[in-house]
Amino acid sequence: TGPAQITRVVPIHLVGNFESPVIRWMPVRVDFSDGPKFSLFDGAVAVDKDVPEGGGKQSLKFAYPRKGQKIHAVMRNLEKVDLGKATGIVLALKSSHDGTFIVAIEEKDGSRYNKTVELHAGDWKKLSLSLSEFTKADDTQDENDRLDAPQIKQVSVVDISTLSGGTDANE
């Protein structure tokens, strides 16, 4: 007999692989030009055959115009999903333009945690983020100042590039 090797099993809860015709991610726009105004379903979302190397068969494509003082996002409600054992989030992002994006996680009590990600035009960026890598949003309060997996309510990917001047159309 030889030395034994113990492999740690990490449970995975798949919240979106875009292999089914049901899209559970919702497009959102926030217009800051005259006070914050929220619009839901303001952008085209569809499944697409463009996938990162080693990815699945389809991805989610979200197309929208980048215009000054407006941010666009896709968000996925996870309120009824048991994520109590989650330790992180794995996703791949791609943009048709260089840009600054935020992966945001909101807890059921409304506290928000963010991770800023820089994307380069046309390149897939694979992310494997531990929950501890997310920082509490400046304008939020949390009872323990920690992102708690059992309390996760939703995940969003937000394009904040227009806040720093980027105004081209994006996918």
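**Figure 1. The loop that holds Q69.** Q69 sits in the loop between β4 (59-63) and β5. Strands here are DSSP runs of E with at least two residues, helices are runs of H or I with at least four residues, and both are numbered from the N terminus. The model is predicted: local features need pLDDT of at least 70 and side-chain atom pairs count only at pLDDT 80 or more, while totals for chains, interfaces and linings use all residues. Residues are numbered from 1 along each chain as its sequence is written, and side-chain values use heavy atoms, with hydrogens and water left out. The phi of Q69 is positive, about 65 degrees, although Q69 is not a glycine. Most residues other than glycine have a negative phi. Q69 counts as partly exposed because its relative accessibility is 39%; buried means under 20% relative accessible area, exposed over 50%, and partly exposed in between (1.4 Å probe, protein chains only).

**Figure 2. The loop that holds D145.** D145 lies between β10 (135-136) and β11, in the loop. D145 is not a glycine, yet has a positive phi of about 55 degrees. With a relative accessibility of 52%, D145 therefore counts as exposed.

**Figure 3. Strand β1 and its two partners.** β1 covers residues 25-31, and six of its seven residues are buried. Two strands pair if DSSP finds at least two bridges between them. Seven bridges join β1 to β5 (residues 70-77), and the two strands run antiparallel. In this pairing W25 stands opposite R76 of β5. Four bridges join β1 to β2 (residues 37-40), also antiparallel, and V30 stands opposite F38 in β2. β1 and β2 form a hairpin with five residues between them. In the turn, G35 has a positive phi of about 80 degrees.

**Figure 4. The open sheet of seven strands.** The strand order is β2-β1-β5-β11-β7-β8-β10, with antiparallel pairing. β2 and β10 are the edge strands, each pairing on one side only.

Figure 5. Of its 19 lining residues, I71, A104, R112, S156 and V158 are the closest to its centre. The elements that give two or more residues to the lining are β1, β5, β7 (99-107), β8 (112-119) and β11 (152-159). β7 gives the most, with four residues. The lining divides into 14 nonpolar, three polar and two charged residues. Ala, Val, Leu, Ile, Met, Phe, Trp, Tyr, Cys and Pro count as nonpolar, Asp, Glu, Lys and Arg as charged, and the others, Gly among them, as polar. A pocket is an open set of points on a 1 Å grid over the protein atoms alone, where a 1.4 Å probe fits, with protein on both sides within 12 Å along at least five of seven lines; lining residues have an atom within 4 Å of a point.

**Figure 6. The protein chain as a whole.** The secondary structure comes to zero helices and 11 strands. Buried residues make up 37% of the 171 residues. Among contacts (heavy atoms within 4.5 Å) between residues at least 6 apart in sequence, 68% join residues at least 24 apart.
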